[in-house]
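Here is a structure to walk through step by step. Keep the model in view as you read.

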Amino acid sequence: MDMLPSPSDRWQSTLHWQPSDRQQQSFQLLYDAILAANQQVNLTRITTPEDFWEKHLWDSLQGVAPWLTGASTDPLKVVDVGTGGGFPGLPVALVFPHWAIALLDATRKKLVALETVCETLGIANVSFLPQRAEQVAHQPIHREAYDLALLRAVGPVNTCAEYALPLLTLGGQAILYRGQWSADEEAGLTAILPRLGGKLLEVRSQTTPLTQGVRHNVILTKVERTPDKFPRLPGIPSKTPLV
Ligand code: SAM
């Protein structure tokens, strides 16, 4: 087994937080289990220890940095839309065992593989939604049911907003993990958010600690109920993002 790096100084200098020994061990177990599952199902192309640490573990957790250092122990309901190989949802589930994390992805076989990963690691605060976001968001038990929605690498920002806002409670937040971020993208997003009942709260920028990559977290909040017509039919939000 390859050993993950454990650069506590990098966690500390970037996120003002560092994992406990137990959390560090759980990251190693997650790495081993994801790599084992990756032999059967294509979960990730990020497989070297350094890349996995930076692009999956560190990156997943930097999006929820305010909760890492905050005092809140509220048991949040979280949905990771388009979780793929379990990111950002699984590292978040390991660090916040009192949060309930729903991993949502349209590709059923990825979620079946993640179920095995979670069984192997004894991760009990995770559930699985093998469906499209456009369908889940119209189901009464999921609509307006989540305090936090996480979306990384799931499509254009306006598509992500259309997936996320119907799932949020009033006052809930969506964290859109982005790479580069431009004034044009921000203008396009702020123009459509009122139609979805959303508002742009802030854009936080980060530099990745090993390779100095650019990251932006775009934070939305829900200020009004989302009209029932959103999200539109499966496939439409990605083919024709709102403008
Ligand atoms: N979030 C992961 C990450 O950052 O490593 C995976 C990103 S992968 C590029 C995008 C994932 O989103 C795929 O697994 C795909 O099946 C899923 N996806 C895309 N559109 C979706 C939708 N409308 N509903 C559910 N899942 C979707």
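Start with His16, which is placed in the loop between helix H1 (8-15) and H2. This is a predicted model, and in it the phi of His16 is near 55°. That is a positive value in a residue other than glycine. Most residues other than glycine have a negative phi.

Now follow H2 to a pocket. Helix H2 (21-37) and helix H5 (89-95) each supply at least two residues of the lining of the second largest pocket. H2 gives the largest share, 5 residues. The space inside is about 320 Å³. By class, the lining of the second largest pocket has 8 nonpolar residues, 6 polar and 1 charged.

Next comes the largest pocket. Its volume is about 390 Å³. It is lined by 16 residues, and Leu43, Thr83, Gly84, Gly85 and Lys110 are the closest to its centre. This lining divides into 4 nonpolar, 8 polar and 4 charged residues.

Where does the ligand sit? It sits in the largest pocket. Around the ligand are 16 residues, and the closest are Gly82, Phe87, Asp105, Ala133 and Arg152. The shell is made up of 6 nonpolar, 5 polar and 5 charged residues.

Look at the ligand's nitrogen atoms. A backbone N or O atom of Phe87 lies 2.8 Å from a nitrogen atom of the ligand. Ala133 has a polar backbone atom 2.9 Å from a ligand nitrogen. With Glu134, the side chain takes part: one of its N or O atoms is 2.9 Å from a nitrogen atom of the ligand. How much of the ligand does the protein cover? On its own, the ligand has 590 Å² of accessible area, and the protein covers 77% of that.

Stay with Phe87 for a moment. The peptide bond from Phe87 to Pro88 is cis, with omega near 5°. Pro88 lies in the loop between strand E1 (77-81) and H5. Most peptide bonds are trans.

Another cis peptide bond joins Phe230 and Pro231. Here omega is about -5°. Pro231 is found in the loop between strand E7 (214-222) and helix H10 (236-239).

Definitions and conventions. Residues numbered from 1 in each chain as written. Predicted model: local features only at pLDDT ≥ 70, side-chain atom pairs only at ≥ 80, totals over all residues. Heavy atoms only, no water. Near = heavy atom within 4 Å. Polar contact = N/O pair within 3.5 Å; in protein donor to acceptor, adjacent residues only side chain to side chain. Areas by Shrake-Rupley, 256 points an atom, 1.4 Å probe, with all protein chains shown as cover. 1 Å grid on protein atoms, 1.4 Å probe; cavity = no way out; pocket = protein on both sides within 12 Å on 5 of 7 lines; lining within 4 Å. Sits in = over half its atoms within 2 Å of the grid points. Nonpolar A, V, L, I, M, F, W, Y, C, P; charged D, E, K, R; others polar. Points joined across faces, edges and corners; volume = space filled by probe spheres on them. Helix = DSSP H or I, 4+ residues; strand = E, 2+ residues; numbered from the N terminus.
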